[in-house]
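I am opening a notebook on a structure that is new to me. The entries below record what I looked up.

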Amino acid sequence: MSLLSVRDLTVKFAMREQTVTALNGISFDLAKGERLGIVGESGAGKSITGFALMNLLSRPGFIDHGQIMFEGEDVVTMNDRQLRGMRGNRMAMIFQDPMVTLNPVLTIGQQMIETLMAHRKLSREEARQIAIVKLREVYIPSPEERLEQYPHELSGGMRQRIIIAIALLLDPQLIIADEPTTALDVTIQADIMELLLELCQSNQVGLILITHDLGVVSQMTERTLVMYAGRIIEAGRTREIINDPQHPYTQGLINALPQQTLPGQRLKQIPGNMPSLTNIPPGCPFNPRCEYATDLCRSRIPEISHYGEVEVACHEVQRLQSNDARREVKA
Amino acid sequence: MSSNTMTSATEPSRFAKIWNSNIGYSFRKNPVAIVSMAIFLIIAMSALLSPLLAPYDPYDPASIDIMNSEYPPFWVSGSLPEFSLGTDDQGRDLWSTILYGTRLSLLIGICAVALQAFLGISIGLIAGYVGGRLDSLLMRLADIQLSFSTLMVAIIFLAVTQAMFGSETFNQYAVFFLIAVIGVAEWPQYARTVRATVLAEKKKEYVDSARVLGFGPGRIMVRHILPNSLSPIFVISTVQVANAIISEASLSFLGLGMPPSQPSLGSLISSGFDYIFSGSWWITVIPGVVLVVLVLVINLLGDWMRDVLNPKLYKG
């Protein structure tokens, strides 16, 4: 049985004049201990997906319909009590900026012990011991002293380690990491990612990694979802998606990587911007930016369907494939 | 891994920590704050220790002799050596009466502010955190409350209670009535400030992360948001203590506060007012000066605290 099974998840935002759809029928599965990447531009709905999985959307956002089965229970229909029991305990979340995620007026120890005692019947001393063990697991030196310190006394990398330790405190089955290293510098990014990977593998914890960094996704995850304007447009094994992307948007993303360009050349960017949610074009949402767009693309929304190893939502995928083949023959 | 830079040799004491912090530093560098704090502490300590410091007990009718009334303070000719600041119209030693009166004024001021703070912080936290209709309802209530002036509310309330219970009972419980009425009349000040801070704090990621960890709204409000909203609360608290002391003095001056048998600074000023033109100016002026100095130093301390705690001034 899969750990997490999302079906037709639709999230809307009630704006003053109208209701806009931020997530449009998202479906995916996650097996126990599996690591899934969600990639896309800013505004594609990646972070909203993360929040929706926790059922944490606050006004004006709300889950319109859909199902989020987590360990056999539907997160969408849980009451507040059940949600509180689940959050932090079975499903944890790591945020982008470690500088602002920890409460500035509580010591690290207070924050960790409070979390443990809110979910488990433990004495303060037992909770402290668990906190120390978890800090060791994330390679924090002299954890006893760290417990007495305030967040501002620690560096960004150290804080993100502590945040990971807090996420792991209650041995959750799933961690949602929303751009966990965006706010850190590059050398620390690699450390943190390696740590997260190691911890997920050794504890059999499922991971949903939300990022715009395809390099990170290729190192960290087994499967990848590519999102665009609130829809999944390509899904499959990470290796296939990186090596042989089918959707023109995914291809564009990969071609835009600096590694794909010779020094001195301009970076190959995808022309245009992601449409705003209030103004999504008819048909395939990507069509105004797509060089292969046809009349069909401009009128009908493509369904996501199996194509070879991956699932793609594109009308033109077959034609693209044959074009590629022809081009290869010419070359 | 980074090396362990913390030296755990000697843990500084709590006082040393405060002394060496930003606040301690700015305090040491600010003569106005030091002087204000010193004067405030002197007034507060002598008020607190008034039973020990005062040569007479002004609440004890047996120790009062009407024949001693209206002796001037020591620097005016005709004074008696046993009454250093002179006596009032009933023959009470003014120095003792001022000490006891200051104690009452401070007590009422601080308790009234504690009540304001309790009401205002709870309502402000709930309004800011829950938001929506409840927020609108509570804040409209606060607006309505603010549109009545504090004194007007207090006068109506105190006059009605005085008529209801009779002045005998009223005088007996005057302290509690004053605390209640000043406390209830001014809660919107706290509620508005706290609500504004909560609205700003609630958007910060540590609140999201607290929700993600499965904490309930009560715990998030009290343990996570409230401690982060304390600086503006401190600042308005000092100003509000000064305001409450003034309100109490005004009400007593109007005859709606402390009875003449247990005078606060305000009722002392009021009782001396009848004699100001007959030459006994000291009964009004000396307690008046004490009141002004007390309120002034509290306000100066509040000003200093606002400068120190204002994040715009040091976080850049």
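I began with a definition: two residues are in contact if their C-beta atoms, placed from the backbone, lie within 7 Å. With that I looked up A:I208: leaving aside its neighbours within four places in sequence, A:I208 is in contact with A:L30, A:L36, A:I38, A:G50, A:L174 and A:I176.

I noted the conventions: this is a predicted model, in which local features need pLDDT of at least 70, side-chain atom pairs count only at pLDDT 80 or more, and totals for chains, interfaces and linings use all residues. Residues are numbered from 1 along each chain as its sequence is written, while chains are lettered from A and ligands numbered from 1 in the order in which they are written.

**Chain A overall**

I found 13 helices and 12 strands in chain A; helices (H or I, at least four residues) and strands (E, at least two) are DSSP runs, numbered from the N terminus. The radius of gyration of chain A (taken over C-alpha atoms) is 21 Å, close to the 20 Å that the globule rule (2.2 Å times the number of residues to the power 0.38) gives for 331 residues, so chain A is as compact as a globular protein of that length. Buried residues (20 or more other C-beta atoms within 10 Å of their own, placed from the backbone) are 43% of the 331 in chain A.

**Strands**

Two strands pair if DSSP finds at least two bridges between them. A hairpin of four residues links β1(A) to β2(A), and A:S5 has A:D29 as its bridge partner in β2(A).

I then traced an open sheet of eight strands in chain A, with mixed pairing and the order β6-β7-β8-β3-β9-β10-β12-β11. Strands β6 and β11 (305-307) of chain A are at the edges with a single partner strand each, so one side of each has no neighbour in the sheet. Inside the order, β3 (residues 35-39) and β8 (residues 206-211) of chain A pair in the parallel sense over five bridges. A:R35 has A:L207 as its bridge partner in β8(A).

**Between the chains**

Which residues make up the contact?

How values were computed
Buried ≥ 20, exposed ≤ 12 C-beta atoms within 10 Å, placed from the backbone.
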